[in-house]
Amino acid sequence: VGDVGHLSSAAPDLGDAVYRQGRFEEALEIAEFSRSITIAGDVDAEVRGLGLLARVKARLGALDEAESLAAEAVRLAAATDYLEGHATTLMNQAEVLTLAGKRAEAAAVVREAIELFGRKGDVVDLARAEELLKELEP
């Protein structure tokens, strides 16, 4: 009871499920809630919450803010040794860039994610990233 540390890490999962259903306003509420209870220095919760918030903001048309949030998430994730989390954060950034019409930038970010997924041996997410790259490149 009262364990907000774990809640702030789990809330983005719920937000992501809601986001994938196209319920962006509800996902925004969850993302903002997650960010409000994140303990300073909990990089995992910060990165996941920022990634969700960035994607939601992009879907709702706040593209400049979304790009800034996504870049901050990538900056935080890059400072860790958590390859899969870093790669996932890059994929979130690529989604935001794609929504902003910046396909070439998104493709470059996906290539970074592919390298990290490959180093981690995450063949499922690697294949997903490679498929996205095919869609982004002319």
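Predicted model: local features only at pLDDT ≥ 70, side-chain atom pairs only at ≥ 80, totals over all residues.
**Helix packing around α5**

Helix α5 covers residues 83–99, and helix α4 covers residues 63–78. Another partner of α5 is helix α6, residues 103–120. Here is how the two pairs look:

| Pair | Angle | Axis separation | Handedness |
|---|---|---|---|
| α4 and α5 | about 165 degrees | 9 Å apart | left-handed |
| α5 and α6 | roughly 165 degrees | within 8 Å | left-handed |

Angles over 145 degrees count as roughly antiparallel, so α4 and α5 are roughly antiparallel to each other. The α5 and α6 pair is likewise roughly antiparallel.

What do the helices touch with?

In the second pair, α5 brings residues including Glu 84, Ala 87, Met 91, Ala 94 and Thr 98. From α6 come, among others, Arg 103, Val 109, Val 110, Leu 116, Phe 117 and Lys 120. The tally for the contact of α5 with α6 is 12 nonpolar, four polar and six charged.

In soluble globular proteins, nonpolar side chains tend to be buried together. The largest nonpolar core in this model has 21 residues, and Val 56 and Val 96 have the most contacts inside it. At least two of its residues come from each of α1 (4–20), α2 (24–37), α3 (43–59) and α4. The largest share is from α3, with seven residues.

Which residues does Val 56 contact, once neighbours within four places in sequence are set aside? They are Tyr 19, Phe 24, Ala 27 and Leu 28. Apart from this core lies another one, of 18 residues, with Ala 87, Phe 117, Leu 126 and Leu 133 among them.

**A look at Ala 77**

Ala 77 sits in helix α4. Is it buried or exposed? Buried means under 20% relative accessible area, and Ala 77 comes in at 3%, so it is buried. Setting aside neighbours within four places in sequence, Ala 77 is in contact with Val 47, Gly 85, His 86 and Thr 89.

Terms used. Residues numbered from 1 in each chain as written. Heavy atoms only, no water. Axes fitted to C-alpha atoms, helices over the stretch in contact; angles between N-to-C directions. Helix = DSSP H or I, 4+ residues; strand = E, 2+ residues; numbered from the N terminus. Parallel < 35°, antiparallel > 145°, perpendicular 65-115°, else oblique. Left-handed = near helix turned anticlockwise from the far one by under 90°. Core = buried A, V, L, I, M, F, W, Y, C linked by side-chain atoms within 4.5 Å. Buried < 20%, exposed > 50% of the residue type's maximum accessible area, 1.4 Å probe, protein only. Contact = heavy atoms within 4.5 Å. Nonpolar A, V, L, I, M, F, W, Y, C, P; charged D, E, K, R; others polar.
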